[in-house]
Amino acid sequence: MDFSSAFLLALRALGRNKMRSSLTMLGLIIGVGAVIAVIGIGEGAATKAQEQLAALGSNMLFVGSGSVNRYGLHVGSFQTKTLVLADARAIVRECPSVSAAAPGTGTGQQVVYGNENWATQVTGTEPQYFEVRNWPFASGTSFSGDDVTQASTVAVLGDTVRKYLFGSSNPIGETIRIGTLPFKVVGVLTPKGTSPGSGQDQDDVIIAPLTTVQKKLLGQEWLRWIMVSAVSRQASYVAQQQIESLLRDRHKIRSADPDDFVVRNMADMADAAAEQGTIMTVLLTIVASIALLVGGIGIMNIMLVSVTERTREIGVRMAVGATEEDVRLQFLIEALVLGLIGGTIGIIFGVTSSLAVSQGLGWPIRIPAYAIAVATIFAMAIALFFGFYPARRASQLNPIEALRYE
Amino acid sequence: MTTVNSATTTNTVAAVGSSVPLVEVQDLRKNYQLGETEVHALRGVSVRINPGDFVAIMGASGSGKSTFMNILGCLDKPTSGRYLLEGINVAALTKKELARIRNQKIGFVFQGFNLLGRTTALENTELPMLYCRTTKDNRERRAREALAQVGLGDRADHFPSQLSGGQQQRVAVARALVNQPKMLLADEPTGNLDSRTSVEVMEIFQKLNAEGLTIILVTHEPDIAQFAKREIVFRDGQIKRDDVVEIPHVASEVLKTMPRVED
C-alpha cells in the first residue's frame, strides 16, 4: 500500500470515531501546548530580565554602608557612618578597574507642587551618577558640579514623580517644595521601569546634588552608597576585589573583623537572574514533558483498544492480501496522524495561551521557531513510539483467528 | 468435465485444457498442539482440482475441512505434504509471498460476509486493490465492474448496514472477484442466509463458474452441495468420498420454483 492511500485510510478510520480520536489527542494537545507556552513565557522572561539588567548596567557595582556589630548589637544596613566622600574619590583614584564612581545618599521626603503632593525618595549624588547608571534625560539637563559644591537647591525628577506632580504640563524651571525647602526643577529623566532585583519603581525618585541632601535635608556627612562602574563587565569581579581591599584598608579593619560595608556586583545579579530563569524553565519543561508522556500513553491505550476492536477487519485485510508491513504501516500512520493533528492543535493552543498570559499579566512572550519544531517533532516521536507496540500487535495477528474473532 | 468459455468472460483461464492442475495436494498433514494433546486435523489428504472445476467440500465440524480450506487459501501452512498451486510449491513461500498469492490468485467469501462497517460497498470492493499497485481511477472502475457482475451496480454507495444479507454477501463476492483470481474459496457462504437468498448466491457462483472461474465451496448443507460439479466429503482428517455430481442443480431453474420474498 502506498503512503498517501494509507494516510487517507488513517484519516477515515479516525473520523469514524471522532469523539474518541479527539479525546485521545487531548493529552497531546495539552502536552504540546504546555511545552510551547513554557518555552514562550520562559524565553520572554529571560529576555526581559537581560534587558532590565543591561539597563541597570551589567558592569556596575554597588558599594553600600554596611551593618556593624557594636558591643554585640548588630546595626542594620546603611547604618555605619564610615563610608565617606573620600572613599569614593579613592576608589576612582586607586582602583585601576574602575572607570567612574558616584557617591550618594537618600532620604524619604514629602514633595509638594501647587495642590499636588507626593511622598518619594530623594537621592543626593553627583552629576556622573547619570552616566554610571546609563540614565538619559527626557528633558532639561543634569545639575552641575558647581551645584554640588554650592549645595544648590535644584532637582531632577524621575518619570513617576513628574507624572504625579505635573501631569502633562512642563516641569522644567518650576519650583517644587521638598520637605520645607523650595527646589528648582532642572531636568526630567526617561522612565526606567521596575528594578529587576527588588521590583521597586526606579522612576519614583528625585535626584538632587549630594551636598544639598546631606546638609539641608539629612544633616549627615557620611554616604549611604557609592555606585561604581567598572571598565568592562569582565573587569567587574576584579574591581570588586580592589574596592574591598581598598576600603578595608581605609577603614582600618583588622583582618579578623568583618567588613563595615557591602559590595554588590551587577554581573553576579545578572548571573543569578539567568540561573533562576533556567531552573524555572527546566522545572516547567519537566512538567510539560510529563504531560506529553501521558498524552503518548493515551495514544497507546486507544490504539490497543482500536486494534482489538478491529481484529476482524485486520483478518479480512490479511485474507485479501495485506502483508504484515501493510497492517503495521496502517496503524503506525493512524498514530502518526493523531500526533500530527494533536501537535498542530497543541501549537495553536500553546501560542494562544501564551498570548493570553502576556496580555493578562503583562509578561513579554517570545516563541522561538525551535520551540514549535521541537514540540512538533516530540509529538510525532511520542505518537510513533507509543503507536509502535499496538501496530506490531496488529501485524502479528493470525489471520485465521482474526477472521473468527467475535 | 466441461468448461464453458463465454465471449464476455472476464476470467479467462489460461490453464484451461492444459495438463497442469490448478491445485495439487499430496499427502497433506496438519497437526495442532492443543494444550497437552496433539490434534491431527489432516491425516494425509491428496487431491487434484483442475481449472474450471466447482467443488463442494462437505463434512461434519472437526472433520478437517476448515483446516484444508485455510491451507488452500494460503492462510495456514501444512505440517507436511505438498501443496502445488499452478505448479508452485506454496509450502516454500514466505509470509509476504503468501500474502501476494492471496491478493492475486485467491478470492475469499466468508460465512459472516466480513465487510468493513461504515465503508461503502464500492470501497469494500476496492479493498484487495489497496494491496497491489493500481491507480485510484483503475481501482474504482474495476470495483464498479465487479459490483455490476454480482448485480449490485446501483448499490455502490450503500453502506453494509443499508444492505440485506444477500446483498452483503454479493458485495463480498465482488470483493473476491475484483483482482481476477484463479479460484474462489467460499467458507459456508450461505450459512447466514435464508434458502432463497442462498440459491441466489449459488446462481452467481454458477454464472462465474460458467465463465471459467474455479470455485471451492465449503458447506454442510447437502442441498447447496448439489449446485457444484464435484463433491468431496471429509471425515476425521481424510477424504472419505470424492464424487462427481451427476446432474448438478441449476440455480436459475430452482429459483423459478421458489416463492419470491421481498428484501
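A residue is taken as buried if 20 or more other C-beta atoms lie within 10 Å of its own, as exposed if 12 or fewer do, and as partly exposed in between, the C-beta atoms being placed from the backbone. The model described here is predicted, and local features therefore need a pLDDT of at least 70, side-chain atom pairs count only at pLDDT 80 or more, and totals for chains, interfaces and linings use all residues. Residues are numbered from 1 along each chain as its sequence is written, while chains are lettered from A and ligands numbered from 1 in the order in which they are written.

Asn114(B), which is not a glycine, has a positive phi of about 55° and lies in the loop between β6 and α3 of chain B; helices (H or I, at least four residues) and strands (E, at least two) are DSSP runs numbered from the N terminus. Asn114(B) counts as buried because it has 20 C-beta neighbours inside 10 Å. Arg118(B), found in the loop between β6 and α3 of chain B, has a positive phi of about 50° although it is not a glycine, but with 13 C-beta neighbours inside 10 Å it counts as partly exposed.

Strand β6 belongs to an open sheet of chain B, in which six strands follow the order β6-β7-β8-β3-β9-β10 with mixed pairing, two strands being paired if DSSP finds at least two bridges between them. Because β6 (106-109) and β10 (238-244) of chain B stand at the edges and each has a single partner strand, one side of each is left without a neighbour in the sheet. The twist from one strand to the next averages 20°, with axes taken as lines fitted to C-alpha atoms and angles running from 0 to 180 degrees between N-to-C directions. Strand β9 (residues 230-235) of chain B is joined to β10(B) by six bridges, and the two run antiparallel; Glu231(B) stands opposite Asp243(B) in β10(B).

Between the chains, 16 residues of chain A are in contact with 20 residues of chain B, contact meaning that the C-beta atoms of two residues, placed from the backbone, lie within 7 Å. On the side of chain A that touches chain B, α10 (311-319), α11 (324-361) and α13 (399-404) of chain A each supply at least two residues, and the largest share, four residues, comes from α10(A).

Met318(A) is placed in helix α10 of chain A and counts as buried, with 27 C-beta neighbours inside 10 Å. Leaving aside neighbours within four places in sequence, Met318(A) is in contact with Val327(A), Pro399(A) and Ala402(A). Met318(A) and Val238(A), by contrast, are 80 residues apart in sequence and 76 Å apart in space, C-alpha to C-alpha.
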